[in-house]
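Good morning, colleagues. Please keep the sequence and the structure in view.

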Amino acid sequence: MKQIQAVIEANRKGEGKGIYAICSAHSLVIEAAIEQAKADNTVVLIEATANQVNQFGGYTGMLPADFLEFIGKIADQLDYPRSSIIPGGDHLGPVCWVAEPAEQAMIKARELIKTYVAAGFKKIHLDTSMACADDPEIMPDELVAERAADLCLVAEQTAIATFGKSDVVYVVGTEVPPPGGATEEIEELELTPVSRVKQTLQLHQDAFEKLDLTDAWQRVIGLVVQPGVEFDHTSIIDYLPEKATALKECIKTLPNIVFEAHSTDYQNDQAYVDLVKDHFGILKVGPQLTLALREALFALSYIEDELIPVEQRSHLRDVCEAEMLEQPKNWQRFYPVPASKGTLYRRYSYSDRIRYYWNQPRIEAAVQCMYDNLNTTGIPLPLISQFLPEQYKEIRNNRLSSVAQELVKAKIKQVTEVYAQACWKQK
């Protein structure tokens with residue numbers, strides 16, 4: 001996968017280049033990300049997680065091939081070449097089946113890897129760090145590495161059988177924050193020690209070589225570490241470059257790889273510049289994108305309240321709340337708070353569990369009703385100024401229309417632009 005390997009090489013040389021991974025399955029987020037990449041004349045890395053997209057459909061209902069066609073059609077509509085999309089698979093391993101014995105979970109994990117690679121995914125995060133039902137609570141590092149190599153072997157065999165060769169690139173490592181952010185309040189984080197970086201890489205290299213995966217090992221481009229960034233429901237741990245000095249110096253002694261940083265959402269603008277300079281060359285962003293989506297949709301719903309008779313309104317916010325209360329499985333265990341705080345967390349938590357509900361038919365219908373109402377009525381500029389002030393500035397400068405969907409994408413691109421500045425536009 002020469003496109004991403006070129007970025008990794010440039011980052012290792014200190015050229016201030018990196019790549020950000022769009023971790024979302026929402027069509028407007030994908031549109032915004034592709035529009036950002038098209039404007040910047042860059043490739044775009046779009047990743048699906050194992051729980052979003054898998055051989056059973058995941059929570060999106062999409063198989064891996066479906067997801068690639070989904071983002072491909074969006075690219076076609078935007079006149080963006082599919083060849084410039086780097087499709088990635090995140091947290092690929094037994095994560096969805098940890099309640100089962102390891103042998104059964106790994107059978108499903110192998111099939112997961114097979115379907116992703118056969119579909120054409122080119123960047124694979126081998127995540128075998130989680131304990132299955134009959135595993136020890138704390139997974140031995142050797143076992144984690146062995147399972148990662150096991151899954152890599154499946155990926156290589158699948159790529160060769162399907163395409164005649166393998167150009168899949170891999171990310172390994174076990175310092176993975178919880179997908180979607182921490183589930184409880186956090187105050188401080190320990191960065192990954194250099195000793196653990198070296199041990200993790202050595203154990204994985206040994207496990208790969210035992211399975212004759214030496215060539216695949218040369219395509220390991222990233223190691224997941226904890227750089228000291230995280231967020232919980234209402235707070236953020238900021239990146240402090242001075243704390244990551246040892247990690248920054250360590251990467252210079254290791255061939256071919258950069259660090260991959262998860263949960264980089266909600267950092268200050270300068271933090272992304274610093275992360276890329278410090279060789280965290282792959283930055284993952286997910287909840288911040290759908291939080292921006294939610295902010296824009298809710299802002300439009302407040303505008304709708306001002307313009308549309310009550311009987312014709314979408315009542316989007318109420319519909320979202322009702323849907324989440326009726327189907328609590330995607331948020332309940334993540335929000336262990338008193339009922340008095342429940343609405344606050346369901347609507348506004350940084351972990352943004354509401355993202356699991358946007359594809360529910362009742363919510364989709366409410367969103368479309370709101371769009372139709374606003375686009376038919378027209379949105380007065382003072383209301384855009386009140387509820388979407390940054391987008392108001394763009395409209396006044398003739399860089400944005402007041403079409404509801406365009407306002408939402410513009411809000412999302414406030415996030416992608418910050419990442420793009422750090423990854424592609426450093427001087």
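What volume does the second largest pocket have? The model before you is a predicted one, and in it the second largest pocket has a volume of about 230 Å³. Which elements each supply at least two residues of its lining? These are α15, residues 389-396, and α16, residues 404-424. Of the two, α16 provides the largest share of the lining, with 5 residues. The lining includes Glu35, Glu390, Lys393, Glu394 and Arg399. Leu400, Glu406, Lys409 and Lys413 are also among the lining residues.

Let me turn to the start of the chain. Helix α1 spans residues 2-12, and its buried residues are Ile4, Val7, Ile8, Ala10 and Asn11. On which side of α1 do they lie? They are on the same side of the helix, because the arc that they cover around the axis is only 165 degrees. Just after α1 comes Gly14, with a positive phi of about 80 degrees.

Most residues other than glycine have a negative phi. His279 belongs to the loop between α9, residues 269-277, and β10, residues 282-285. Is His279 buried or exposed? With a relative accessibility of 5%, His279 counts as buried, since the limit for that term is under 20%. Asp352, also a residue other than glycine, has a positive phi near 55 degrees. Asp352 is placed in the loop between α12, residues 339-348, and α13, residues 361-377. Its relative accessible area is 1%, so Asp352 is buried.

I now come to the aromatic residues. How many aromatic pairs does the structure hold? There are 16 of them. Phe67 and Phe121 form a stacked pair, with 6.3 Å from centre to centre and 20 degrees between the planes. This pair links distant parts of the chain: Phe67 is in helix α3, residues 64-77, and Phe121 is 54 residues away, in the loop between α4 and β4. Phe67 and Phe121 are both buried. A second pair, Tyr239 with Phe280, is edge-to-face, at 5.9 Å centre to centre and 75 degrees between the planes. Tyr239 lies in the loop between β8 and α8, and Phe280 in the loop between α9 and β10, so this pair ties together parts that are 41 residues apart in sequence. Tyr239 and Phe280 are buried as well. Returning to Phe67 and Phe121, they form one aromatic cluster with Phe70 and Tyr116.

The charged end of Arg294 sits over the ring of Phe298, 5.3 Å from the ring centre. The charged end of Arg317 is placed over the ring of Tyr302, at 3.7 Å from its centre.

Finally, I would draw your attention to Leu316. This residue is in helix α11, residues 316-326, and counts as buried because its relative accessibility is 1%. Which residues does Leu316 contact, leaving aside its neighbours within four places in sequence? They are Leu297, Ser301, Trp358, Ile363, Ala366, Val367 and Met370. The C-alpha atom of Leu316 is 9.7 Å from that of Gln368, a residue 52 places away along the chain. Thank you for your attention.

Notes: Residues numbered from 1 in each chain as written. Predicted model: local features only at pLDDT ≥ 70, side-chain atom pairs only at ≥ 80, totals over all residues. Heavy atoms only, no water. Helix = DSSP H or I, 4+ residues; strand = E, 2+ residues; numbered from the N terminus. Buried < 20%, exposed > 50% of the residue type's maximum accessible area, 1.4 Å probe, protein only. Contact = heavy atoms within 4.5 Å. Arc of directions from axis to C-beta. Phe/Tyr/Trp six-rings, centres within 6.5 Å; stacked < 30°, edge-to-face > 60°. Lys NZ or Arg CZ within 6 Å of the ring centre and 35° of its normal. 1 Å grid on protein atoms, 1.4 Å probe; cavity = no way out; pocket = protein on both sides within 12 Å on 5 of 7 lines; lining within 4 Å. Points joined across faces, edges and corners; volume = space filled by probe spheres on them.
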